[in-house]
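Dear colleague,

Please find below the structure that I am handing over to you.

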Amino acid sequence: MSERVHAEMDGLTDEDLGEPLTYPVDAFISREYAAAEGELLWSKVWQMAARVEDIPKVGDFITYNIGDESIIIMRTAPERLKAYYNVCPHRGRQLINTPDDVNCVTGKRTTFVCAFHGWAFNREGQNIHVLDGDDWKGALSDERTCLSQVKVDTWGGWIYINMDPYCEPLRSFLSPAARILDHFEFEKMRYKWRQWTVYPCNWKTAIEAFMEPYHVAGTHPQLLKYGQYYAYSRPYGFHGVSGFDERDPGMKMSQSSSVTRAGLGDPRVSTYELARENYETVNYAASTETLVNAAKRLVDELPEGTPAPDVIKHWLASAKADDAARGVIWPEIPPEVMAEAGLAWSLFPNQTILQGVTFALCYRVRPYGDDPNKCIFESYALERFPEGSEPKAEWVHAAPTAENWGSVLAQDFANMQWVQKGMKSRGFRGPLPNPHQEQKITNFHRHLSRFMGRGAPRKLDMTGQHAGAAF
Ligand code: FES
Ligand SMILES: [Fe+2]
């Protein structure tokens, strides 16, 4: 459906997202809504299923589960991936068992043999064995016995799948966000660590906790000593970006990105302190060792009184040289692209990327079956490593504690489940997202409602009467 037709359906343009809006809360708490998502959202939308590095060799496969659905993604040739529904066409056994307590299943196969009656399939998904096939009297055509295919494509080193055979191409779905994000060359980054947990809130409650920096003052007050955190938030098609507003004097020198704030006070000191704080309290993900070490040297390398923009410039130049010396070459990103890239991107529906030049802190949240009160919460760090020295980072199941996830994530965890509970209250009149700083969230609900055919954001009644009752 074209953007114009969509806009006519709910009457909302990008500009309208700057107005006070609300949207219904049943998207978060209704069992019926959660079940409908399987039919109307997840079976229609491009979604990030894995990383290319998960299946590097021909024959490698990985499973991706979303709600009650399971997909197998297989490398069938050095440059080719295929994806199939994880189900045997005979009587429906999963070909690869996917237990609930495992994030995904990986392995290597020449053929898939169903464990129930032994039907077998080659890597291309064609059936190569049916026991006593003549019993079907010729009814078992190739089309009846092959695996059902799913669309698959890659971008930025991620593998995406789409169950809708008529979906738009991945590239057009990711536009215009990919125009900016391409510059960060995520495909050259590799996992540094990855963790997951089953968390007691809706998947949207969880992903929205990472869509806006408006919560910094309330949730992460320790960061306020580095400056103000007045945020902006902008739609980019289905997707959106947030960053810190130019109105924040602490951000004037910034080339954007989470790493390049100088903070308050002596910028030689505050740059180091902020880089170290970002690194250590966000589980060694929101910066790199190179950046932190180069920041540490600023007090020795620069005279007192060096203006903040010069401090940042020197810092980045020396970190870039340090990385080059160990074989990590920074991508050349034009300043205007860095500025537009902001702090963090939300790719519809459930992928978050907080990007740096050589790293990315990422989140993905999936529904847990069709339970509206649970989700599979995942976070992982990507980084550029010298070739051959990439760590082996497997999925680790980790309870949502500060020890496992770092103190900043623990602060976010300390909200999410209580938001989920609070939204069920009769006394909750409906969300009141900040029209300037939380546009990513209203844009998310705008696009979600288009898939779901209900729940579009609506303008608030400016008389002060709450709009929630209308829902
Ligand atoms: S269900 Fe797979 S062979 Fe019977
Ligand atoms: Fe947070």
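Seven strands, in the order β2-β11-β10-β5-β4-β3-β6, make up an open sheet whose pairing is antiparallel. Strands here (E, at least two residues) and helices (H or I, at least four residues) are DSSP runs, numbered from the N terminus. Two strands are said to pair if DSSP finds at least two bridges between them. Because β2 (47–51) and β6 (106–108) stand at the edges with a single partner strand each, one side of each is left without a neighbour in the sheet. From one strand to the next, the twist averages 30 degrees. Axes are lines fitted to C-alpha atoms, for helices over the stretch in contact, and angles run from 0 to 180 degrees between N-to-C directions.

Before going further, please note how the model was made and labelled. It is a predicted model, in which local features need pLDDT of at least 70 and side-chain atom pairs count only at pLDDT 80 or more, while totals for chains, interfaces and linings use all residues. Residues are numbered from 1 along each chain as its sequence is written, and chains are lettered from A and ligands numbered from 1 in the order in which they are written.

Strands β4 (residues 69–77) and β5 (residues 80–85) are antiparallel and share 6 bridges; they form a hairpin with 2 residues between them. R75 has L81 in β5 as its bridge partner. β5 also pairs with β10, again in the antiparallel sense, over 2 bridges, and there Y84 has Q149 in β10 as its bridge partner. β10 (residues 149–155) is in turn joined by 5 bridges to β11 (residues 158–162), and the two run antiparallel. In that pair, T154 stands opposite I159 of β11. In a regular strand the side chains alternate between the two faces of the sheet.

A further open sheet has 8 strands in the order β13-β14-β15-β16-β17-β18-β12-β19, and its pairing is mixed. Its edge strands, β13 (231–236) and β19 (395–397), each pair on one side only. The twist in this sheet averages 20 degrees from one strand to the next. Within it, β15 (residues 344–347) and β16 (residues 351–355) are antiparallel partners over 4 bridges, and S346 stands opposite T352 in β16. The loop between β15 and β16 contains P349, which a cis peptide bond joins to F348, with omega at about -5 degrees.

Helix α16 lies across β13, β14 (239–244) and β15, and runs at about 25 degrees to β13. Contact, here and below, requires that the C-beta atoms of two residues, placed from the backbone, lie within 7 Å.

Which helix crosses α16 at roughly 95 degrees? The axis of helix α3 (residues 31–42) comes within 8 Å of that of α16 (residues 439–452) at this crossing angle. α3 is therefore roughly perpendicular to α16. (Angles under 35 degrees count as roughly parallel, over 145 as roughly antiparallel, 65 to 115 as roughly perpendicular and the rest as oblique.) On the α3 side A36, L40 and L41 take part, and they meet L448, F451 and M452 of α16. This contact has 6 nonpolar, no polar and no charged residues. Ala, Val, Leu, Ile, Met, Phe, Trp, Tyr, Cys and Pro count as nonpolar, Asp, Glu, Lys and Arg as charged, and the others, Gly among them, as polar.

Helices α9 (residues 267–281) and α12 (residues 308–325) pack with their axes 9 Å apart, at an angle of about 50 degrees, and are therefore oblique to each other. P267, R268 and T271 of α9 make the contact with A308, V311, I312 and W315 of α12. By class, 5 of these residues are nonpolar, 1 is polar and 1 is charged.

Two loop residues also deserve mention. N283, in the loop between α9 and α10 (289–296), is a residue other than glycine with a positive phi, near 55 degrees. P176, in the loop between α5 (170–174) and α6 (177–181), is joined to S175 by a cis peptide bond with omega of about 0 degrees.

Finally, a word on confidence. The chain averages a pLDDT (the predictor's confidence in each residue, from 0 to 100) of 92, and 93% of the residues score at least 70. Residues 1–5 have a pLDDT below 50 and, beyond near neighbours in sequence, 1 contact in the model. Residues 248–259 are also below 50, but this stretch has 40 such contacts. Where pLDDT is low, the predicted coordinates should not be read in detail.

Yours sincerely
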